[in-house]
Amino acid sequence: MLMTHPAVLTRLVEEYERESALRAAAPHGPVRQHMEDVVYTLCVSTGTRDIDAALAVAREQLNTAWLADVCDPGVAAQDGRTLSGTAG
């Protein structure tokens, strides 16, 4: 099974959370369409059909990716930092 890169999943989950807050304030218009796009992308990225399942799978995959980095501390993060936050 193909897995979406953790950085992409992180961005999608954060975007979903941000859009959820915006949608609560303004449930119509461009925010609604963008929210639908984010939900769709999260579902496709996680192989699920609804947002609750997509968020659960995304968070599990992110947790697994984070644990893999902890088990191999020599692995640098995508942005070039190690888990300690220092440049590697």
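This is a predicted model: local features need pLDDT of at least 70, side-chain atom pairs count only at pLDDT 80 or more; totals for chains, interfaces and linings use all residues.
## Getting started

A helix here is a DSSP run of H or I with at least four residues, numbered from the N terminus.

## The protein as a whole

Let us begin with the overall make-up. The protein has three helices and zero strands, and its elements follow the order α-α-α from the N terminus on.

Of the 88 residues in the protein, 24% are buried. The accessible surface amounts to about 6,000 Å², and carbon and sulfur atoms account for 60% of that surface. Contacts can also be sorted by how far apart the partners lie in the chain: among those between residues at least 6 apart in sequence, 40% link residues at least 24 apart.

## How α1 and α2 pack

Two packed helices are described by the angle between their axes and the distance between the axes. Helix α1 spans residues 6-25 and helix α2 spans residues 30-46; their axes come within 9 Å and cross at roughly 150 degrees. An angle over 145 degrees counts as roughly antiparallel, and α1 and α2 are therefore roughly antiparallel to each other. The crossing in which α1 passes α2 is left-handed.

Which residues bring the two helices together? On the α1 side they are L9, L12, V13, E15, Y16, E19, S20, L22 and R23, and on the α2 side V31, R32, H34, M35, V38, V39, T41, L42, S45 and T46. Sorted by class, this contact of α1 with α2 has 10 nonpolar, five polar and four charged residues.

## A closer look at R23

R23 and M35 are 12 residues apart in sequence, and their C-alpha atoms are 7.8 Å apart in space. Is R23 buried, partly exposed or exposed? Its relative accessibility is 32%, and buried means under 20% while exposed means over 50%, so R23 counts as partly exposed.

T46 belongs to helix α2. Not counting residues up to four places away in sequence, T46 touches L9, A54, V57 and A58. Its relative accessible area is 7%, so T46 is buried, given that the cut-off for buried is under 20%.

A53 has a relative accessible area of 26% and is partly exposed. A53 and C43 are 10 residues apart in sequence, with 8.0 Å between them in space, C-alpha to C-alpha.

Terms used: Residues are numbered from 1 along each chain as its sequence is written. Side-chain values use heavy atoms; hydrogens and water are left out. Axes are lines fitted to C-alpha atoms, for helices over the stretch in contact, and angles run from 0 to 180 degrees between N-to-C directions. Angles under 35 degrees count as roughly parallel, over 145 as roughly antiparallel, 65 to 115 as roughly perpendicular and the rest as oblique. A crossing is left-handed if the near helix is turned anticlockwise from the far one by less than a right angle, and right-handed if clockwise. Contact means heavy atoms within 4.5 Å. Ala, Val, Leu, Ile, Met, Phe, Trp, Tyr, Cys and Pro count as nonpolar, Asp, Glu, Lys and Arg as charged, and the others, Gly among them, as polar. Buried means under 20% relative accessible area, exposed over 50%, partly exposed in between (1.4 Å probe, protein chains only). Accessible areas come from the Shrake-Rupley method with a 1.4 Å probe; for residues, only the protein chains shown count as cover.
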